[in-house]
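User: Could we go through this structure together? I would like to start with covalent links and then move on to charges and packing.

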Amino acid sequence: MRWQINQFIFCDEKQTLVSEGYSHQLEPMMVELLAYFCQHPNEIISKDRLIENVWQGRIVSDNAVTRIITKLRKVLHDDARKPNFIATFPKKGYKFIANIRLINENKDKQPSVDLDSESRKHLTKRPILLLATLLLIAGPIFWLLNKEQELSLESVGNREIKMSGSTVLTTDAGNEVQPSISPDGSRISYTSITPDSKTNLVIKSLNSYKKVYVQHSADENVGPASWSPDGKQIVYLVANAKACQYYTRKINGLKLGEPELIYNCKTGSYGSISFTHSNNKVVFSENNGVGTPYELFELDLINKTKTRLNQPNINFSSNRQFDLHPIEDKLLISSSDEQQWVGFYSLDLESEKLHLLFKQNAYICCGIWSHRGDRVVLMDGFPSYQLASYDLSGKDKKIIFSASEQIVRPYRHPNGKDYVYVAGRHNKDLKFVDLISGKSEVIADSSVSDRLPVFSPNGKKIAYISEATGSEQIWLYDMVKKQRKKLTSFDSHNHYFDLKFSHDGQALIALNINSIYYVSLANFKITKLPLPEQEIRAISFKTNQKISFSVKSQDKWQVHVYDLNSKSLQVEALDWKYVLHSRNSDNTIWIDQNNAVKSGVQGAISSNFPSEDISLITHRSLNIKKHDEQWFWLELGRNNTIKRYSEITQKIDTIVETTPGQLPSRFDISEMSLIFAYTKHRNFDVFSSN
């Protein structure tokens, strides 16, 4: 069906919202909600009624409903304070107050034809762009020349979307991240991530809303970029599985010059790069490949000399992120230490003096200088919906901006007063699969992130982490009763990396940035274990009263065991790097210092499991599971898949693969049942405060 809603045409079948010069593809839940509003205009509708009729009675939080309302307001360009579409009635619900008319497809073709015609005129440019791109890929590797750039220009209409004191700067389908605005404020560069995880570098005019794609060969990911101080050049990253390179390119308006290779970085190094206050020098971060820490370097573009900068000690992800002072030749370096405390350091590029400003024990990325350079701006916790500023000693905290979406990272706007930020929603759901019958069901489908699923020992319950209440909490789903409940009320905005059941199913452990929490399911008491604050990996219960995990000691990952009764800590045999204990000792997995994978009591059983090309650790958790003679793992790539290997047949098969609307991630196995998290929807845009 189609409705005329004020200036918009809404089609629930095509899931589109169209007006002159504007077309937006809606998310499924937004379509359901808007269709229900159109069917019940000028009625005050409670959240309970929306959950019952739009969410079909699924258990979702009030926060989930609010977020979909916010998303719908965004695409309707509606202001909650002065609504033209969705009016809020505190403690009562919402009323859809727009002018609505159902369009008769056969008889009434007045405004709808013109608007759809305009929309089609706009949308027909996309096949032309696609054809041009395919033809150009067959040419030389660096094919984006001036004439061809004209084919890549796309007008999205002269429009400006404002919401909650923000301006939306990008509205592409998918994810837009890593923005950088030109010094004169006329253009923005950003990385656009496609559904198949390919990255494209886009440069867009903030005046005409035209944009150009900076492309190289078809298999290369391009971006992010940084502007030169005079706005006449960009420097950017081009990378794939076999190469990593930095290029500069002259730019006049949206017309790009030829790419100039300035540096071959280490393959697998995806660092940050930025011009200094000189057109002839850039600063960049580089590592020695996937999983190795980053270091900072300066590159002179005239003589191509590379100089290692004075910087904090190298630890883990370390010195990848930095920000150039708005006025002085200084860097603000965000770097974590061995205790996982995030430190913010000031480096004078002329004197090479390095000074620690302050540290924070929190899961926070990427501090930036304030506009005057006298304060540090950060996200306020995790998940974060606010930006906070601190003085240079880490005190005098002030909330400087609040957003309606989760903020990923802030940037300075060159206008000297506003901040640019990436914000949006990452929706992960959980799916249960019976590996024998092949039947599956979704067991957690809130509109936010549900992740880290783990089976109870008897396979009848599933614990997981959810952001349904606005912060990360542990939830429990009963497979028999088909009910879920929240177990914890953590009062801090921590980020969790792993979750494990005890062998008797009476307790859970949760790993955050540098701590392990023990959660008793008998009395729901939460205890933070008295462990040194440092990066922890591969947690599991060795017994009901002993917790196993790995920490780094003398440059080696070593297995440690904490006894809950004696409150003592001891080191396992030094040969072992990681261990994942199981209630059935035959399924316990051991990994030695040479990354050889074994199983059984004390790793006594060798295996023909093909582990050489498998990521053994992902996000601090062991990425392999074992059930009898079968091994399971997540194969990482542009399209993740869950694989299975049989020691008997010595064959590998795929049990879960990426499909539209499903990018699998963390998983668990119980007997012949599988539970896994998958990305259902991820949408991030670039905003500017105002």
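User: What kind of model is it, and what are the ground rules?

Analyst: This is a predicted model, in which local features need pLDDT of at least 70 and side-chain atom pairs count only at pLDDT 80 or more, while totals for chains, interfaces and linings use all residues. Residues are numbered from 1 along each chain as its sequence is written, and side-chain values use heavy atoms, with hydrogens and water left out.

User: How many disulfides does a search of the whole structure find?

Analyst: The search gives 1 disulfide, the term meaning a pair of cysteine sulfur atoms within 2.5 Å. Its partners are cysteine 244 and cysteine 265, with the sulfur atoms 1.9 Å apart.

User: Where do cysteine 244 and cysteine 265 sit?

Analyst: Cysteine 244 belongs to strand S16 (residues 244-252), and cysteine 265 to the loop between strand S18 (260-264) and strand S19 (273-275); the pair links distant parts of the chain, 21 residues apart. Helices (H or I, at least four residues) and strands (E, at least two) are DSSP runs, numbered from the N terminus.

User: Is the link of cysteine 244 and cysteine 265 left-handed or right-handed?

Analyst: The link is left-handed, with -90° about the S-S bond.

User: And is cysteine 244 buried or exposed?

Analyst: Cysteine 244 is buried, at a relative accessible area of 2%. Buried means under 20% relative accessible area, exposed over 50%, and partly exposed in between (1.4 Å probe, protein chains only). Cysteine 265 is buried too, at 7%. Two further cysteines also count as buried: cysteine 11 at 8% and cysteine 38 at 6%.

User: Changing topic, how many salt bridges are there?

Analyst: The count is 22 salt bridges, where a side-chain nitrogen of Lys or Arg must lie within 4 Å of a carboxyl oxygen of Asp or Glu. One of them joins lysine 74 and aspartate 685, at 2.2 Å from N to O. Because lysine 74 lies in helix H3 (residues 62-75) and aspartate 685 in strand S57 (residues 673-689), the pair ties together parts that are 611 residues apart in sequence. Both lysine 74 and aspartate 685 are buried.

User: Which residue does glutamate 286 meet in a salt bridge?

Analyst: Its partner is lysine 306, at 3.1 Å from N to O. Glutamate 286 is in strand S20 (residues 281-286) and lysine 306 in strand S22 (residues 306-308), so this pair links distant parts of the chain, 20 residues apart. Glutamate 286 is buried, at 3% relative accessible area, whereas lysine 306 is partly exposed, at 36%.

User: What about lysine 482?

Analyst: Lysine 482 forms a salt bridge with glutamate 441, with the closest N and O atoms 3.0 Å apart. Lysine 482 is in the loop between strand S36 (473-478) and strand S37 (483-486), and glutamate 441 is in strand S33 (residues 440-444); they are 41 residues apart in sequence. Lysine 482 is partly exposed at 41%, as is glutamate 441 at 27%. Separately, a network of salt bridges links Arg375, Asp396 and Lys398.

User: Now the packing. Which residues have the most contacts inside the largest nonpolar core?

Analyst: They are Phe10 and Phe96, in a core of 32 residues. A nonpolar core is a set of buried Ala, Val, Leu, Ile, Met, Phe, Trp, Tyr and Cys residues joined through side-chain atoms within 4.5 Å. The elements giving two or more residues to this core include strand S1 (2-5), strand S2 (8-11) and helix H1 (28-39), and H1 gives the most, with 9 residues.

User: What does phenylalanine 10 touch?

Analyst: Leaving aside neighbours within four places in sequence, phenylalanine 10 is in contact with residues including Trp3, Leu26, Leu34 and Cys38. Contact means heavy atoms within 4.5 Å. A second, separate core has 17 residues, among them Leu511, Ile513, Tyr518 and Ile547.

User: One last item, where is glutamine 650?

Analyst: Glutamine 650 is in the loop between strand S54 (641-646) and strand S55 (652-657), and is exposed, with a relative accessible area of 51%. Glutamine 650 and phenylalanine 609 are 41 residues apart in sequence, yet their C-alpha atoms are 8.2 Å apart in space. Beyond its neighbours within four places in sequence, glutamine 650 is in contact with Asn608 and Tyr645.
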